[in-house]
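Let's take a walk through this one, a stop at a time. Keep the viewer open and follow along.

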Amino acid sequence: MADTHLDRDVLSALQEVMEDEYPMLLGTFLADSEERLSKLHSAGDAETLGATAHSFKGSCSNMGAVRLAKLCHDLEQCAMQKNFLEGIEKLVGEIDGEFAIIRPLYEAERQRSLADSAAVRRF
Amino acid sequence: MQLEPLTILIAEDSAADRMLLSSIVRRQGHEVLTAANGAEAVEAFRQQRPQLVLMDAMMPVMDGFEAARQIKALAGETLVPIIFLTSLTESEALARCLEAGGDDFLAKPYNQVILAAKIKAMDRLRRLQATVLKQRDQIARHHDYLLNEQRVAKAVFDKVAHSGCLNAPNIRYLQSPYALFNGDLLLAAFTPAGDMHVLLGDFTGHGLPAAVGAMPLAEVFYGMTAKGYGLSETLREMNAKLKRILPVDMFCCATLLCLSFQRRSVEVWNGGMPDGYLHNIASGERTPLTARHLPLGVLNPQTFDDRTEVFPMAVGDRVFLLSDGVIDTCDAKEQLFGVERLQQVFAANRQPDQLFEEIEQALQDFRGEARDDVSMVEVSLLEAAQLIPPPLVYSDSGQSCPLDWSVNFEFRAATLKRFNPLPYLLQLLLEVHGLRAQSGALYSVLAELYSNALEHGVLGLDSSLKRDASGFTRYYQQRNARLDELQDGYVRVHLQVAPKDGGGCLTIRVEDSGKGFDVERVMARPVDGIRLSGRGVSLIRQLSRNASWSDEGRSARVEFFWEALA
Amino acid sequence: MSVVTEVSSDGKKLTISIEGRFDFGRHHEFRESYERLDYKPESIVVDLKKATYLDSSALGMLLLLRDHAGGDSSDIRVVNSSSDVKKILAISNFDKLFDIS
């Protein structure tokens, strides 16, 4: 189930790169994502919406949130064509839903890595 | 090669992406600066001058495209590679990145290996550019340095070269200001007798190597011309000097002229230069002055050929010389301008004074652009009186001036063949201060007496041969041939200086071993006749006092007087 | 290769052929062509059949070759010169030093 939302290989690569800062990266991503979500909701025009979706897509792909990245990509495409208002609303809803799913997954991952590094430190 | 750590600016509005990318870049050993939008990126660049920029395209406040443009402008000639971070896929957007000055792209999600490879590639490019700029600046510096050296060398050389009489009213010339560094050389000077020596030379090669031979050549030219040496002696000395100092593959093509305004003739030696032309204004005919010799500095002194040709000239006639830059001019198809085209310009020329401009125009039309390595000179024959050679400058005080003495010389066959005693005799006589004011006349008379004794006396040449132009040439051919074969004979010169009424008197007697001539008949001719033949006697009678011939013309005697010096 | 060297089978004759412009750019190759031989050939032929142009530095190179081959005692023939090249050699009077055809 988790595999359709998160790419675990990406996460382990991130952990390797970030080392101690890995939990902070995950926290930053979540905070950043919330900001972008609220931007998606408040976007007054297709252009802003598309740009926000585009940026969000980039971060998601970097962080291994594969399905969220895909949804952002679809939203960006929709916004570019400007005539699928219904589609847009539907996609924003799906993005909300997807974020609600992955958020606890990232939280869990963050807790796990904090515990790991704490364990490592105890030795 | 170990990658040198760089300072890399990361401009990315997503905090997580920025953090991730910073970690990746740091792990690869670089220093990281971060910016959350384009404006911050430009400011960070302005203050810390990172060497490479990773730039997100879509950012608030100022987007990546504008930031890239501004950073490129700030960087100037230095290459600051900008790698756009983007998940852009549309080619239009990628094109915008390039237009804004982006050098590469990196797609999200980031791949460490690809990022490292791109940074490395961009760093190589950056360093290549830095090296190119450094070398360009170095070349520019060297070039400036070289130009300055050339300027100094030229200034020094001009002092030597222009010590001559290139500004005489009968000389027109055209030379690039840096002709010296094209190997071109133009010299002109008066002899003590008021003849004019002109040299147009062309050293092999370009730049400094082509210029180094010019100085010694000019020194020999001016030194020997001022002392009264003829073309042959001067040529021999120039050749020997160049042969001695130049490397084997360097030489100097040259045409040397001696224009005699009194004898109305031009003596020519051409070694390796294109044909010059003697332009007879009355007939419009142009006689080519063809290269008959190897250039100077090729042959050793034993085999060097100093034989000259002599042509008669009328007042107003012109001698035109040119460097090979003219006929060797190539057009786009590597066709040479050539002698025929030059002659077409000659044929079309209506105003002789416009000839240079017309040749230049023809070269420009032919080649499509002007040339700066063409040298041309034109020397015309004026009435002797129209030209006043500059007075000779003497460095001694005159306290040791010899006033009462005599000396006898006898020059025999082997000497007559190769030695010209006139410069030596003149220098001796000019130790007498009272004679210096008339050195021109003195030299001319001495030269006429000597050449009469040698040519008509010892060599038995018939002066009437010189009545027309073809005979003139034949005369000098015979002169050379007979001199080559000469076994016996002599020319004796007797000089006597005696004080007289505070001033003094010089008596010159020149005797020869020849058959003599009908003195009465020659003396009966009018003194001012302008004929090619027999000018010598007339000249001697005009320029000296009490000219007389005895011993059936074998002995000539003249006198020069001077007053007490102030 | 714009300078081609060939030694006759008995080793007595060296032929140097120039292709294209014979100017300062050929300096190194030209010198190499005779300096690399460890003996002096009895005669040398410079073949200008394929030479399109010749400038004064080429004349200098011919003088170097002549010097190397023994100066006045050298036996050097310059063959197959085009009419333009012949004109240049004639102006320089190089026929006094080389057998030119």
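What follows goes from an annotated histidine to a chain contact, then to a strand and a whole chain.

Before we start, bear in mind that this is a predicted model, where local features need pLDDT of at least 70, side-chain atom pairs count only at pLDDT 80 or more, and totals for chains, interfaces and linings use all residues. Residues are numbered from 1 along each chain as its sequence is written, while chains are lettered from A and ligands numbered from 1 in the order in which they are written.

Start at H54(A), where UniProt, in an unreviewed entry, places the feature "modified residue: Phosphohistidine". UniProt positions are given in the numbering used here, feature names are shortened, and annotations may be inferred rather than shown by experiment. H54(A) sits in helix α3 of chain A, residues 46-63. Helices (H or I, at least four residues) and strands (E, at least two) are DSSP runs, numbered from the N terminus. Is H54(A) buried or exposed? It counts as buried because H54(A) has 21 C-beta neighbours inside 10 Å. The cut-offs are 20 or more other C-beta atoms within 10 Å for buried, 12 or fewer for exposed, and partly exposed in between, with C-beta atoms placed from the backbone.

Now for the contact, which takes 18 residues from chain A and 15 residues from chain B. Two residues are in contact if their C-beta atoms, placed from the backbone, lie within 7 Å. On the side of chain A that touches chain B, α1 (8-18), α2 (22-42) and α3 each give two or more residues. The most comes from α3(A), with nine residues.

Over in chain B, look at strand β10, residues 265-271. Seven of its seven residues are buried, so β10(B) is largely enclosed by the rest of the structure. S265(B), E267(B), W269(B) and G271(B) point one way, and V266(B), V268(B) and N270(B) the other. Strands pair if DSSP finds at least two bridges between them. β9(B), residues 252-260, runs antiparallel to β10(B), joined by seven bridges, and L257(B) has V268(B) as its bridge partner. β10(B) also pairs with β13(B), residues 309-312, in the antiparallel sense over four bridges; there, E267(B) partners V310(B).

Last stop: chain C, with three helices and five strands. Its elements run β-β-α-β-α-β-α-β from the N terminus on. Of its 101 residues, 34% count as buried.
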